[in-house]
Amino acid sequence: MNHLKAYAIRNGFTALVTYADNDAIGYFAKQGFTKDLTLEPERLGVIKIYSGGVLMQCDLHAKVPYLQLSRMVATQKQHVIGLAQRATHTVYPTVPVGRCLPLHPTPLFV
């Protein structure tokens, strides 16, 4: 899908429109499509309407490097994992069992 988005941007498109059936709505939502149509009806062109589906739109942004997006996300993920590992590297000593509480606790109020 990112290759299609990059191709569309190179050819001057600002949005992609699809008619997703009920089984594909989740897939297209993960790809950035929404049910909110912002294009004017005359710009939608001729699209066949099917029963049991939804017309969805994905806005394209020329500054987003769609072909490098997966690599960028993977790099950011590794960076966050590294930060989390460094933050949780401190190991605190444990208290041996039986030493944290006295065997016969004394009352708090006498």
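These are my notebook entries on a predicted model of a protein of 110 residues.

**Ground rules.** I number residues from 1 along each chain as its sequence is written. Since the model is predicted, local features need pLDDT of at least 70, side-chain atom pairs count only at pLDDT 80 or more, totals for chains, interfaces and linings use all residues, and side-chain values use heavy atoms, with hydrogens and water left out.

**Overall layout.** I looked up the secondary structure and found three helices and two strands. I took helices (H or I, at least four residues) and strands (E, at least two) as DSSP runs, numbered from the N terminus. Along the sequence the pattern reads α-β-α-β-α. I then looked up burial, with buried meaning under 20% relative accessible area, exposed over 50% and partly exposed in between (1.4 Å probe, protein chains only). Of the 110 residues, 18% count as buried. The protein exposes about 9,400 Å², and carbon and sulfur atoms supply 61% of that area; the areas come from the Shrake-Rupley method with a 1.4 Å probe, and for residues only the protein chains shown count as cover. For contacts I used heavy atoms within 4.5 Å. Among contacts between residues at least 6 apart in sequence, 70% join residues at least 24 apart.

**Nonpolar core.** Here I looked for buried Ala, Val, Leu, Ile, Met, Phe, Trp, Tyr and Cys residues joined through side-chain atoms within 4.5 Å. The largest such core has eleven residues: Ala8, Leu16, Ala20, Ala24, Ile25, Phe28, Phe33, Met56, Cys58, Leu60 and Tyr66. Strand S1 (15–21), helix H2 (25–30) and strand S2 (53–59) each supply at least two residues of this core. In soluble globular proteins, nonpolar side chains tend to be buried together.

**Helix H1.** Which residues of H1 (residues 2–10) are buried? I found Lys5, Ala6 and Ala8. What covers the buried residues of H1 includes S1 and S2. Just after H1, I noted a positive phi of about 85 degrees at Gly12.

**Gln57.** I picked out Gln57, which lies in strand S2, because at 2% relative accessibility this residue counts as buried. I looked up its polar contacts (pairs of N or O atoms within 3.5 Å; within protein, one must be able to donate a hydrogen and the other to accept it, and residues adjacent in sequence count only if both atoms are side-chain atoms). The Gln57 side chain makes one with the side chain of Thr38 at 2.7 Å. The Gln57 side chain also reaches the backbone nitrogen of Leu39 at 3.4 Å. Not counting residues up to four places away in sequence, Gln57 touches, among others, Ala15, Leu16, Phe33 and Asp36.

**Aromatic pairs.** I paired rings of Phe, Tyr and Trp (its six-membered ring) with centres within 6.5 Å, calling planes under 30 degrees apart stacked, over 60 edge-to-face and the rest tilted. The count comes to two aromatic pairs. The rings of Tyr27 and Phe28 have centres 5.2 Å apart and planes at 75 degrees, so this pair is edge-to-face. Phe28 and Phe33 also form an edge-to-face pair, 5.2 Å centre to centre with 75 degrees between the planes. Tyr27 counts as partly exposed at 44% relative accessibility, while Phe28 at 15% and Phe33 at 5% count as buried.
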